[in-house]
Every structure is written in structure tokens, then in C-alpha cells.
Amino acid sequence: MKKALFLAGSLLASAAFAQPQEAPVVGDAPEAGIAPQEAPGAKRILVAEEPDPEMADKLDEAFDQPIDAAPFWTVANAEVLLDYIEAVAAEGLVPADYNPEGLRAAIVAGDMSALATTATDSFNKLSAHLALGQVDHEARVDWHIKDADLSEERQRALLEWALYEGKLKESLDKLLPEHPQYAALKNALAVADPADAEGIAKIRLNLDRWRWLPRDLGDRYIIVNVPAYTAALVENGETISRHRAVAGAVRTPTPQLMAEATGVIFNPYWNVPKSIEPEVRGKAGYEAIRDDDGNIVRYRQPPGPNNSLGRIKFVMYNPHLIYLHDTNARGLFNAEERARSHGCIRTENILGLANMLLKMDGNDWSEEKTLEIVNSGKNTGAKFANSLPVFIAYFTLAARGDGSVIDYEDIYGRDKPVAEALNEWQPSSAEDAQVAEAS
């Protein structure tokens, strides 16, 4: 007599019992962050087929486990995971970190309980590193970008869906960054000279930095790479405008952050940071702002040709008070080393960038209107029709399509803690070598 098995929560139907259903087009787990309706955990699943008696006993035993127990793994799914782990060096990760030997032993032993626990632990660690990066936050110096690509709840739903649908590899692949630079760096890693340990370490750490960012940066965004001194407007995966930039000096480094740009201010005031107030106190061209009791609370520089922000700044609130702006010292854009600001990003031809964004999405704007407002000298705000994220990141390496790389100076010395966290740091100087040997 046929036996009906109701599997819910962590109990997943094996391909030995039922043919996997096609993954839904809408709301699949990798994109929506939840299990689709057909996935276990979303509803109870009736499997009305005659199972193998031995496997049926194992499923009956699993049914009595608590709801937070490890999901049911078939040997076939575990072997797919093992294959993925053994190939993960292509992502700049170390296969041994995901317990391939333990997983292989559990497969050979045929102990389904041990297999479920070992495979789930390996999947959880691997999926977290693919989606969120391997390096702990302690090594991510001045990093303030939140990546919500893989919560604990979504990780569980994703695993259950992947096991049920038989799509473990596809689900893990869906966690990787979409940006073309990630694929280019992977190619650079594949063709790198195995003897070039330092070069490989630098590729690996920059691959991990891409995993720190959200997988999908949006249909339209600005990305600033501090070591490259560039700001780029990207739309639908294509860079449509690239600008030279001046970043924070070593003593006032630019933090890595994400902020939403909602518009611009023409002819801005510059509110002088507290740290440099002594440099402007009493100087002509600066206004003292007082409270109701007449006490000076801050200084600011009015709009004009000498204003440090130039003719325009982007409105992009963030607690670090970092934004893109123009400058009255445009000659700095011709310098090779451009770590010269107090932290903000001075952007070449930012008026052109602003014009482009103000005209998008049906906004009633023109170059003539920009010139008119700028020439008026009046402090004036203008909103984008749709806001867009600005990512300020720190990549010390970029890759070309042929696998060659562009090496940028690590101006703030942020590579070393990342490389050390990846257990790949090699001393790059005689002094470093002596320190390493002494320790």
C-alpha cells in the first residue's frame, strides 16, 4: 500500500521519492530572500509515492526531530555541495575552511544524521562567505556599508528550497556579486602565476571586498573607488560617466559607506569641520554662526568663487558627513596622487554629472538652467526625480578582460589586515620579514 509522507519545516523531499518541481519564476529564494510557496517550510508537502522502505524509515525518524534540526540531506545533494567546496578556490576562498573531509567521511559512512549536520554546517559557512565575505568586521577598517543579502532566516529558507529543488549549485552561485569586476578578478586569479603569492593574495582580498557589498547595487548608482581616485555613474551595469576624484588625505581618510543621493545644492555653504576650525577662525571669508546667547557654535564659508565646495555638492545624508562636491582647486585633478581632502570626494566635472542625473526620469531640467542658477550665486537646491545610492569603496586592484590587473596604491594601509584575516599575508619588505621572523 502506498504510504503518504507529510514533510514540513526542515524535512525535505528527496528526488528518490518525487520528481523535483520547476523553480518558480517569480519570488524564487535567491532573489526574494524567502522560500517559494512550493518549498518546504512554506507549506506541507504530500508525497504520494512508494518510497524505498529503508529510506522511508529514515524519513519517519527524521520527522520526529525538532523543527530546528538540520534539514534532510540526500547523498546526491551532499555530493553536489562537496564538489562546490572543492572548486571554491576559484572564488579566492580555501576549500579546507568548509570541512570537505568531514563531509566526505559522512557520505561514505552513510550516517544520515551525521551527514545532515555536517553538510548543513558546511553550507551555512560557505553561503555566508559567498554572500557576505569571509573577513570579519574587525579587519574591515572604516567599513560602514550594511549587506543584508543573507539573514539567518533567509539562509535557512534558501537551503531548504535548494535541497528540495535539487539546485544547490545554482543557489550558491546566486549569492555571488553581480558586478563585472568580480568576474574579471576571478579570471585574473585563474591566470595568475602560482608563484606570485603576494599578487594572488591581493586578488583574493579584493574579491572578498566585493562580497562585502550588496550583491545587487541597483539599476543606477554611483561608485567611488578611493585608491583609484575615480567616481563612476553606472546604469544597468554599464558605466555611463566616469570622473576623476580627490579623496581624503592619509590623516583624514575617507570612510567606506553607502548613502542615498537625493539631489544637489548649487552655490553651497561650507560648514567648517570642528577639527579645522582653528585654521579659519578670524580669517576673512568665513562667517561665525552664533546661538541665541551669542556664543559661536560653528563657522561656515558663504557661496562664492573661493568656496571649498566649489559650485555644487550632492545631498547624501550620512552620519560621517561625507559627500561628493566640486572644488575651487581643480588643478588637483591633474595630480597622480590625489589623497588631499578632509574626507569628502571632490569630483571633476560634477556639474556635468549633476546635469545628467537631474535630467533623468522625466525631470524638467537643462544645462541652461544649471548655468543660470550657478551664475546667480544663490544657494539653491534641486532634487533628482529618483534618488540613487552612492557607494564609497576601497579596491586596490582592478582587472581587465584579458586577466591583467591594474594595481592601485594602498593609500591608507588597509590591505594588510584583510590579507592577514584571509591567512595569506606575505611580508613585502625586509623590515616586515624581520618582524614576522621575530614573532
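1. Strands β8 and β9 (residues 296-301) pair in the antiparallel sense, over four bridges. Strands here are DSSP runs of E with at least two residues, helices are runs of H or I with at least four, and both are numbered from the N terminus. Two strands pair if DSSP finds at least two bridges between them. Across this pairing, Glu287 stands opposite Arg300 in β9.

2. This is a predicted model: local features need pLDDT of at least 70, side-chain atom pairs count only at pLDDT 80 or more, and totals for chains, interfaces and linings use all residues. Residues are numbered from 1 along each chain as its sequence is written, and side-chain values use heavy atoms, leaving out hydrogens and water.

3. β8 and β9 belong to an open sheet of three strands, in the order β7-β9-β8 with antiparallel pairing. Its edge strands, β7 (270-271) and β8 (287-290), each pair on one side only.

4. The test is NZ of Lys or CZ of Arg within 6 Å of the ring centre and within 35 degrees of the ring normal. Likewise, the charged end of Arg414 sits over the ring of Tyr394, at 5.2 Å from its centre.

5. Now helix α9, residues 197-212. Twelve of its 16 residues are buried, so the rest of the structure largely encloses it. Buried means under 20% relative accessible area, exposed over 50%, and partly exposed in between (1.4 Å probe, protein chains only). The buried residues pack against several elements, including α5 (112-132), α8 (180-191) and β3 (220-225).

6. Which rings are stacked? Those of Trp210 and Phe395: their centres are 4.1 Å apart and their planes at 15°, so the pair counts as stacked. Rings of Phe, Tyr and Trp (its six-membered ring) pair with centres within 6.5 Å; planes under 30 degrees apart are stacked, over 60 edge-to-face, the rest tilted. Trp210 lies in α9 and Phe395 in the loop between β14 (380-393) and β15, 185 residues apart. Both are buried.

7. The largest nonpolar core has 59 residues. Such a core is a set of buried Ala, Val, Leu, Ile, Met, Phe, Trp, Tyr and Cys residues joined through side-chain atoms within 4.5 Å. Helix α5 gives the most to this core, eight residues. A second, separate core of 46 residues includes Tyr229, Val280, Ile350 and Leu353.

Methods:
Contact means heavy atoms within 4.5 Å.
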